[in-house]
Amino acid sequence: MNINTYHYKILLLGILFGFLLTSCNSVNYRFSNEKYLRMNALNTQALKMYEGIHDTVFVRLKNNEGQFLLDMKYATAENFLKTPVYDCSECYLRMKTIRNLIEANNEFLQLGYRIKLFDCYRPLDIQKKMWQIMPNADYVADPQKGSIHNRGGAVDLTLVDLNGVELDMGTPFDHFGPEAAHAYKKLPKKVRANRALLKEIMLRHNFKSFKSEWWHYNVFESNKDPLANFKWICN
């Protein structure tokens, strides 16, 4: 084989490799774009379905509405209490909270992400149960005062990509060390960017952050809603 033939074959291999790489990226892009369009359509359908429902009504949020992911930690032992306190895994919120959440999720979808929920509305009896297990106001709101969760206006959440893989937020959900605070700076640049993205878009859609927990957001003025003890039926 002379040197020119060798170089020619190397050149052809390089062109072929580049073509395959481009094709793969194109397929992945189309896959992501199709998935985004499908989820975006579900978001739009969910908003239409909820038209006419009063802001204060409790509504069940399901996995397939707006393509949220539900991972209700307090229906499992995977939480700081180390025991389940819900009888089953459900997410209920007041209608105004859901509307704002869907709109925030739609903006995340445009960037290739979606919301994963860890906790939603929490009946007051469950708050009392949590207080019995952990009677410490640093970790659990005193049921005498209640929390925004008991009012249907609070959500615990994170972001995942369109394949359901969680973005790195630096700590797990329910980590009560200083590292979970929004103001904590000793984190990798990517983690700080992920938290900033979550906060920026949630604030833009009528939510308020909770300074010591990167995952906790309250819908604006939800503290004015009454405490509730509505309980869902487990199937």
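Colour the chain by pLDDT, the predictor's confidence in each residue from 0 to 100. The mean for the chain is 85, and 80% of the residues reach 70 or more. This is a predicted model, in which local features need pLDDT of at least 70 and side-chain atom pairs count only at pLDDT 80 or more, while totals for chains, interfaces and linings use all residues. Residues are numbered from 1 along each chain as its sequence is written, and side-chain values use heavy atoms, with hydrogens and water left out.

Select residues 15-31. Here pLDDT stays under 50, and the model has one contact (heavy atoms within 4.5 Å) beyond four places in sequence for this stretch. Where pLDDT is low, the predicted coordinates should not be read in detail.

**Whole chain**

Switch to a cartoon of the whole chain. Four helices and seven strands are present. Helices (H or I, at least four residues) and strands (E, at least two) are DSSP runs, numbered from the N terminus. Followed along the sequence, their order is α-β-β-β-α-β-α-β-α-β-β.

Next, colour by relative accessible area. Of the 235 residues in the chain, 43% are buried; buried means under 20% relative accessible area, exposed over 50%, and partly exposed in between, with a 1.4 Å probe and protein chains only. Show the surface as well: the chain exposes about 13,000 Å², with 56% of this supplied by carbon and sulfur atoms. The areas come from the Shrake-Rupley method with a 1.4 Å probe, and for residues only the protein chains shown count as cover. Among contacts with a separation of 6 or more, 73% are between residues 24 or more positions apart.

**Disulfides**

Show the cysteine side chains. Two disulfides are found in a search of the whole structure, a disulfide being a pair of cysteine sulfur atoms within 2.5 Å. Counting bonded cysteines along the chain, the pattern is 1-4, 2-3.

Select Cys88 and Cys234, which are joined with an S to S distance of 2.0 Å. This pair links distant parts of the chain, 146 residues apart: Cys88 is in the loop between β2 (69-70) and β3 (91-94), and Cys234 is in the segment after β7 (213-219). The angle about the S-S bond is -85°, and the link of Cys88 and Cys234 is left-handed. Cys88 is buried at 17% relative accessible area, whereas Cys234 is partly exposed at 33%.

Move to Cys91 and Cys120, also joined by a disulfide, with S to S 2.0 Å. Cys91 belongs to strand β3 and Cys120 to the loop between β4 (113-119) and α3 (124-133), so the link spans distant parts of the chain, 29 residues apart. The torsion about the S-S bond of Cys91 and Cys120 is about -95°, so this disulfide is left-handed. Both Cys91 and Cys120 are buried.

**Rings and a charge**

Show Phe, Tyr and Trp. The structure holds 17 aromatic pairs. Rings pair if their centres (the six-membered ring for Trp) lie within 6.5 Å; planes under 30 degrees apart count as stacked, over 60 as edge-to-face and the rest as tilted.

Then select Arg122 and Tyr74. The charged end of Arg122 sits over the ring of Tyr74, 5.4 Å from the ring centre. The criterion is NZ of Lys or CZ of Arg within 6 Å of the ring centre and within 35 degrees of the ring normal.

Tyr139 is the next stop, in the loop between α3 and β5. Tyr139 is partly exposed, at 38% relative accessibility. Apart from neighbours within four places in sequence, Tyr139 contacts Phe80, Met134 and Phe176.

**Backbone stops**

Select Asp174, in the loop between β5 (154-161) and α4 (189-204). Asp174 is not a glycine, yet its phi is positive, near 70°. The residue Asp174 is buried, with 10% relative accessible area.

Select Glu221, in the segment after β7. Glu221 also has a positive phi, about 65°, without being a glycine. Glu221 counts as partly exposed at 38% relative accessibility.

Finish at Arg60, in strand β1 (residues 58-61). Arg60 is partly exposed at 35% relative accessibility.
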